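Here's a quick briefing on one helix and some aromatic rings. Have a look at the structure first, then work through the points below.

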Amino acid sequence: MQIRFSPSMRSINISTSSNGFLDLMKVKVAARHISYRTLFHTVLVLAFLLPFVFILTAVVTLEGVNKCSSFDCLGRRLGPRFLGKGVDDSARLMRGLYTLFDEANSVEIPGGLKFPESFNEFLSEMKHNNYDANTFAVMVKGTMDYMNREVKKARLAEQVNKHFAAIGIPKGLHCLSLRLTDEYSSNARARKQLPPPELLPVLSNNSYYHFIVATDNVLAASVVVNSAVRSSMKSDMIVFHVITDKKTYPAMHSWFALNSISPAIIEVKGVHQFNCLTRENVPVLDAIEHHHHVKNHYHRNHVAGANISDSPRAFASKLQARSPKYISLLNHLRIYLPEMFPSLNKVVFLDDDVVVQRDLTQLWDIDLSGKINGAVETCTGEDTWVMSKRFRTYFNFSHPLIANNLDPDECAWAYGMNVFDLKAWRKTKIRETYHYWMKEVSHRVPILP
């Protein structure tokens, strides 16, 4: 028996062979038809579901959530809703807030608006004015900007107060100087020669360790000298040269005459007692102290010119750089050390805000290799407040004179402790170069920050 299907699959041919005769049989296959009942039920179901699909699609579109154009994407968004597993409302709310704040970030806040100064005030204003979502986002941005400015102002004010507290003279210290000055005029012990006559040759003996401090602060000088002597393993070989101005000299001399710091040798000398520090030899310093541009730069209201965008550290650095002490003669003395101490070869210069905690006599063993100044760099280190000073901290590089001659990334150095090779210094023209720059400063104060 053989079975054959027609190409159209509508008939089947069956052939059989028996007793030498071939029998053929053709069977027709009837087409399958959908019943009217099935079609009716299908239409009824679609008629029931399509209105709901239309309504849900319209709601999703109006909410701006569905941005898909394909039926597949539409099904993914509508499917969870049919199953009762819609997107979490809190997540949708957060996405909406992100969008609002992102749009508000590009909005320019109008000037003159008054913003709330506390959270309760902000909440009350929101409830009272019934702001819409966009206005709410703008108000949040404006309030945060306002609070940020107020915090910066407070930090700048803190730095200003610290600055004035640091440069001010406490009443007790002022009275101490007056009492010591009175002692100098009435007490012979307070006027005794420092050092004694038999020790005068030591002042120019290079086998001793010579320290220099220049200050008009009696107690500060005492702290520096005492800490250096107490920390030294060779205190009997230490010579301290204390330099002060004419006004403070009686008080400074009285203090060290009445309070011996043996076995160290102490010399107290006033600026007026150095023959090399006359106005003829130092014309630049006299000019800078009296030039009106310089006075305005160092003595005017620094806070009025403060930039609110400055960080507290940058503002503190600017205040420190514009302290009036920088036009004091005592602050410029180090440039004249080779002439002030013509017999000395190497000295250590200390600021009056230093407390010595280690033996510094080992500094004399450092080979400066012909260099003049040995100091600690202040541009690298763990303390980013102190160890972040470069030339840009001290100079205004928008001025062409500075930009053409100095490198803003050049590392600055600490003035608190310097080792000076005076013998090598005398072979240079550093003083002349210094005078040139000081003349430029006195006539072009904007080169300073």
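Let's start with helix α7, which covers residues 218-231: its 14 residues reach 20 Å from the first C-alpha to the last, close to the 20 Å expected at 1.5 Å a residue. Keep in mind that this is a predicted model.

**Helix α7**
- Ten of the 14 residues of α7 are buried, so the rest of the structure largely encloses this helix.
- Among those buried residues are V218, A220, A221 and S222, along with V224 and V225.
- Where α7 starts, N217 has a side-chain oxygen within 3.3 Å of the backbone nitrogen of L219.

**Aromatic pairs**
- To describe a pair of aromatic rings, you give the distance of the centres and the angle of the planes.
- The count here comes to eight aromatic pairs.
- Take F274 and F341: their ring centres are 6.0 Å apart and their planes sit at 70 degrees, so this pair is edge-to-face.
- F274 is in the loop between β6 (265-270) and α9 (283-290), while F341 is in the loop between α12 (337-340) and β7 (346-350), so the pair ties together parts that are 67 residues apart in sequence.
- F274 is buried at 5% relative accessible area, and F341 is buried at 7%.
- F420 and W425 make a tilted pair, because their ring centres are 5.3 Å apart and their planes are at 50 degrees.
- Both partners are buried: F420 has 4% relative accessibility, and W425 has a relative accessible area of 6%.

**Cluster and charge**
- Y209, F211, F240 and W364 are linked into a cluster by ring pairs.
- K269 places its charged end over the ring of F274, 4.5 Å from the ring's centre.

Terms used:
Residues numbered from 1 in each chain as written. Predicted model: local features only at pLDDT ≥ 70, side-chain atom pairs only at ≥ 80, totals over all residues. Heavy atoms only, no water. Helix = DSSP H or I, 4+ residues; strand = E, 2+ residues; numbered from the N terminus. Expected span 1.5 Å × (residues − 1). Buried < 20%, exposed > 50% of the residue type's maximum accessible area, 1.4 Å probe, protein only. Polar contact = N/O pair within 3.5 Å; in protein donor to acceptor, adjacent residues only side chain to side chain. Phe/Tyr/Trp six-rings, centres within 6.5 Å; stacked < 30°, edge-to-face > 60°. Lys NZ or Arg CZ within 6 Å of the ring centre and 35° of its normal.
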